[in-house]
Structures are given as C-alpha cells and as structure tokens.
There are 2 protein chains.
Amino acid sequence: MHHVNFQPKSTLFEQGDEAGSLYTLTSGTVRLHYDLPDGRRQIVGFAMPGDFLGLSLEPRFGITADALTPVTACRFDRHRFMNLIDKHPNLMRKMHEVASHELAIAQEHMVVLGRRRAEERVASFLLKWWQRLKRVQGNTPTLPLPMGRQDIADHLGLTIETVSRTLARWMRERIILDVPDGVRILDAAKLEDVLGN
Amino acid sequence: MHHVNFQPKSTLFEQGDEAGSLYTLTSGTVRLHYDLPDGRRQIVGFAMPGDFLGLSLEPRFGITADALTPVTACRFDRHRFMNLIDKHPNLMRKMHEVASHELAIAQEHMVVLGRRRAEERVASFLLKWWQRLKRVQGNTPTLPLPMGRQDIADHLGLTIETVSRTLARWMRERIILDVPDGVRILDAAKLEDVLGN
DNA sequence: GGCGGCGCTTGATCCCGATCAAGGAAAGCC
DNA sequence: GGCTTTCCTTGATCGGGATCAAGCGCCGCC
C-alpha cells in the first residue's frame, strides 16, 4: 500500500482495464463513468475523500475513474489486499457494507434517471451533493462544484443546456446564488419541494 | 432457515420494512422496485432462481419485492445468517461477490436509463433477459415474459405505450414473434444492431 | 494588449416519447 | 351466456427537453 497523486483530468483506471488495484481517496473529487462507443457518457457517481474505488470483485473495471481536482489516494494491490482480508475477517464485512450501500445509492439514482423530470433531477443532485459535503466538511451553505455543467448533465441523463437553464432560473429566483466554482444554497426548502418527498 | 411460498402479486418485503430476512429464490420471478409517493415507479430489477434478495447490510429495505409468478424461496433470519457467516468466512466473500456484481449491473442499467433511446432500451431489455434465461434454462429462442408491459416500461423508464409500440413493430418486421406469455427471438442480430455495440 | 480556446448561457426550433383517448382480446365470475 | 376487469394495442395530439445556433466571459498565452 502506498500514497499516489493524480492531476486533474488524469485517469485512475479505465473501463475494461484489469482490476488490479483498489483505492481509498484521501483528498479531491473523482468522476466515475461508463462510456458508450458512440461517445454518449453516463456518470454513475462522484467519489469524495473517504470513498473506496474498485472494491468490486469483478476481474475488470466496468467504469472509468478520473480526477476532477488534484487527488490523493491510497492504492492497494488487489491480491495483497485479499490476503490482508483473510487475516482480518471483519474487513471483508466492512467492504460488503460499503458495496451494499453503494448498491442502495445506485438504485435510488435509477429512480432519478428513469422517473424524475429534469428539474427534479437537478434538485436531487444539489441536495445529495450538499448532504455528502456536510458529512465531510460540516455544515456550509456554500457548495463547491468541482464538476462542470456537462458532468452534471451526464450524471443526470440531461443535456448541458437543460442543466444550465435550470440553475440559471433558480439563481434568478434567489433559490441559489452563483459563487466562484460552486453555488450557495439560499433556500433548501424550495429544492426539497421540487422533489416532493 | 426454511422454505416459503408466495402467490403471484404477493409481497416478500416492502420499501422501509426492517430488513430482518434474507432470501434465495428457488423458483419463480420477483419484481424489485422503488416507488415514489406520487405513484411513479422504477423497477430496479427482476430476480430469478438462484438470485439473492436482501443481502444488503442496510437496516431497512430500500426497495419492495413482489412475486410475479408463484415463487418459492429459502428465508434466513438476518441475525442467524450473520452468525453463520462468522463461522464460514468465505460465505462473506461470496456475499460480497454477489453484491458487487449487482452493483456492476446497476451501473450498466444507469447507462440504459440515462443515455439510451427508447428502442435501444427495449432491445437491451430483451437481450439481457434472454441471456439470464439461457443461464437458468439453457438456450431457447423462446423467452417467457412473466412481467407485464407496464413492468417493462417501469424498468426502462418508458411508458407502456412506447414499449407496446416498439414490440409491435418488431413483430411486424419478423424480428420477434408473439407467443403466449412471452416472445420468440427470430433475429437476435438485429436487436444487437439496435444497441450498436 | 490582443487573441484563442473553453466552458457556460441564452434563444429558437424541432422531435421523440408522453399523454390523451378509444377500442380489442382474454380471463374470471356470476 | 353475458358481464366486468385487466392488460394490451393503436391512433391522434402535445410538450418537455433535445438540438441547433449564437454569443458571452474568463483565463492563459504570446
């Protein structure tokens, strides 16, 4: 196990690569995505400090992971990590907990992609990102958005124009405020109303 | 651990219930879905014989599971199963393998929901269902569809009309054939062409 | 300073799939 | 048999979000 650094836009691992490593993020934000051969892209999630990458037991990575910001992480060799696990059985349990939590999150996101309208999707994204940030940085109304508009669109199954228009409208309505590299949440209740639950 | 039976349309467990049990299906088909308070529904998957249900370690079920056909399953008490796991550590590993495979499937389905057009979604569904059936029943061009059109729509993020029209067109074009309680695949290559990879 | 590039916004128009609306076919039930 | 119910199909129309098309603002670079 050793520390590794990644520059913004660099790749941790790619869709189809042999899954030889396992990472835990210590700083920065990572984009996880599945690319279709014709260029369409689905971002299945964003990883933050504390998150694990590549903990699946599939022989190859199903998705690509690349850095949105400077990233620091701990890299483990897959085989050595598995040996470590044999000595510490509760580590396996921890891995399964993380994986099954990820599965629950993935299922919730399927609802967003399959059944939510554009405005609801953007509200869901802002609120979920905000919640995750709170757990890492404590409560702040200001959320940094290290991902670009196109990334948000590719996460939500929308186009960049729809994301941009929705955020622009909320800025006009004083629900959010434009700040450098992010937004400030002025009226979280309004966003929750949009979701209707 | 003991065997349990479920009638069609009966519920194995519901979204929000305390996750006290764990099942492995021995026969029948189960529908797994997440329901929004306003009635919109996303079917996150269908379970077949051999599949595990409720292997997540979250304290409550995030989804509802109900039987589409008569179902037989083995039910395990959550706590007892966990004790069993402490004695057989490789069982934990197996659980994690299953969960991380499910996660990979969920991520692929996000691409379908977020970035595929209607026709591609239906083709993806037929081909994936066909593949799963092959593993259970061996190779047959005839695939039973225990789920209704509305279920397929709720799985693919479409309306029942779009699913019905797409299948109807493929029947006219002799790509599939209408058979009682399912379809027969006449030209799998055409369906793969629709997906374009 | 001027220039280019990139990411984002904004407006105009289009179209795929949703919605609305009948109608048909099969199964269950009296 | 006749009735209801449920599921599916088919047609007509609509609309949300995609697409097409500029234009803007900022940053880095020469």
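Asp38(A), Arg40(A), Arg116(B) and Glu120(B) are joined in a network of salt bridges, a salt bridge being a side-chain nitrogen of Lys or Arg within 4 Å of a carboxyl oxygen of Asp or Glu. The model is predicted, and local features need pLDDT of at least 70, side-chain atom pairs count only at pLDDT 80 or more, and totals for chains, interfaces and linings use all residues. Residues are numbered from 1 along each chain as its sequence is written, chains are lettered from A and ligands numbered from 1 in the order in which they are written, and side-chain values use heavy atoms, with hydrogens and water left out.

**Salt bridges**

Side chains of opposite charge can pair when their charged atoms come close. Over all chains the structure holds 26 salt bridges, and four salt bridges are counted between chain A and chain B. The table lists some of the pairs.

| Salt bridge | N to O distance |
|---|---|
| Arg115(B) and Asp154(A) | 2.8 Å |
| Glu120(A) and Arg116(A) | 3.0 Å |
| Asp35(A) and Arg41(A) | 3.2 Å |
| Arg93(B) and Glu97(B) | 3.5 Å |

The surroundings of these side chains can be described by relative accessible area, where buried means under 20%, exposed over 50% and partly exposed in between (1.4 Å probe, protein chains only). Glu120(A) and Arg116(A) are both buried, whereas Asp35(A), at 25% relative accessibility, counts as partly exposed, and Arg41(A), at 22%, counts as partly exposed too. Arg93(B) and Glu97(B) stand four residues apart in helix α2 of chain B, so about one helical turn separates them. Arg93(B) is partly exposed at 34%, and Glu97(B) is partly exposed at 29%.

**The contact of the two chains**

Contact means heavy atoms within 4.5 Å, and the contact between the chains takes 42 residues from chain A and 42 residues from chain B. Together the two chains bury about 3,800 Å², of which 65% is on carbon and sulfur atoms; buried area is the accessible area (1.4 Å probe) that two parts lose on being put together, summed over both. His96(A), Met110(A) and Arg115(A) supply 21% of the area that chain A buries against chain B, more than any other three residues.

Across this interface there are 18 residue pairs in polar contact, with both residues at pLDDT 80 or more. A polar contact is a pair of N or O atoms within 3.5 Å; within protein, one must be able to donate a hydrogen and the other to accept it, and residues adjacent in sequence count only if both atoms are side-chain atoms. On the side of chain A that touches chain B, the elements that give two or more residues are β5 (41-47), α2 (89-115) and α4 (149-156) of chain A, and the largest share, 20 residues, comes from α2(A). Helices (H or I, at least four residues) and strands (E, at least two) are DSSP runs, numbered from the N terminus.

Which residues of α4(A) are buried? They are Asp151(A), Ile152(A), Ala153(A), Asp154(A), His155(A) and Leu156(A). Because six of the eight residues of α4(A) are buried, this helix is largely enclosed by the rest of the structure. Its cover includes β4 (30-35), β5, α2, α3 (118-137) and α5 (160-172) of chain A, together with α2 (89-115) of chain B. Just after α4(A), Gly157(A) takes a positive phi of about 70°.

Ser56(A) is placed in the loop between β6 and β7 of chain A and is buried, with a relative accessible area of 18%. Leaving aside residues up to four places away in sequence, Ser56(A) touches Arg78(A) and Ser100(B).

**Aromatic rings**

A search of the whole structure finds 14 aromatic pairs over all chains. Rings of Phe, Tyr and Trp (its six-membered ring) pair if their centres lie within 6.5 Å; planes under 30 degrees apart count as stacked, over 60 as edge-to-face and the rest as tilted. The rings of Phe13(A) and Tyr23(A) are stacked, because their centres lie 6.0 Å apart and their planes stand at 25°. Phe13(A) belongs to strand β2 (residues 11-13) and Tyr23(A) to strand β3 (residues 21-27) of chain A, so the pair ties together parts that are ten residues apart in sequence. Phe13(A) is buried at 5% relative accessibility, and Tyr23(A) is buried at 3%.

Phe13(A) also forms a stacked pair with Phe61(A), at 3.8 Å centre to centre and 15° between the planes. This pair links distant parts of the chain, 48 residues apart, with Phe61(A) in the loop between β6 (52-53) and β7 (64-67) of chain A. Ring pairs link Phe6(A), Phe13(A), Tyr23(A) and Phe61(A) into a cluster.
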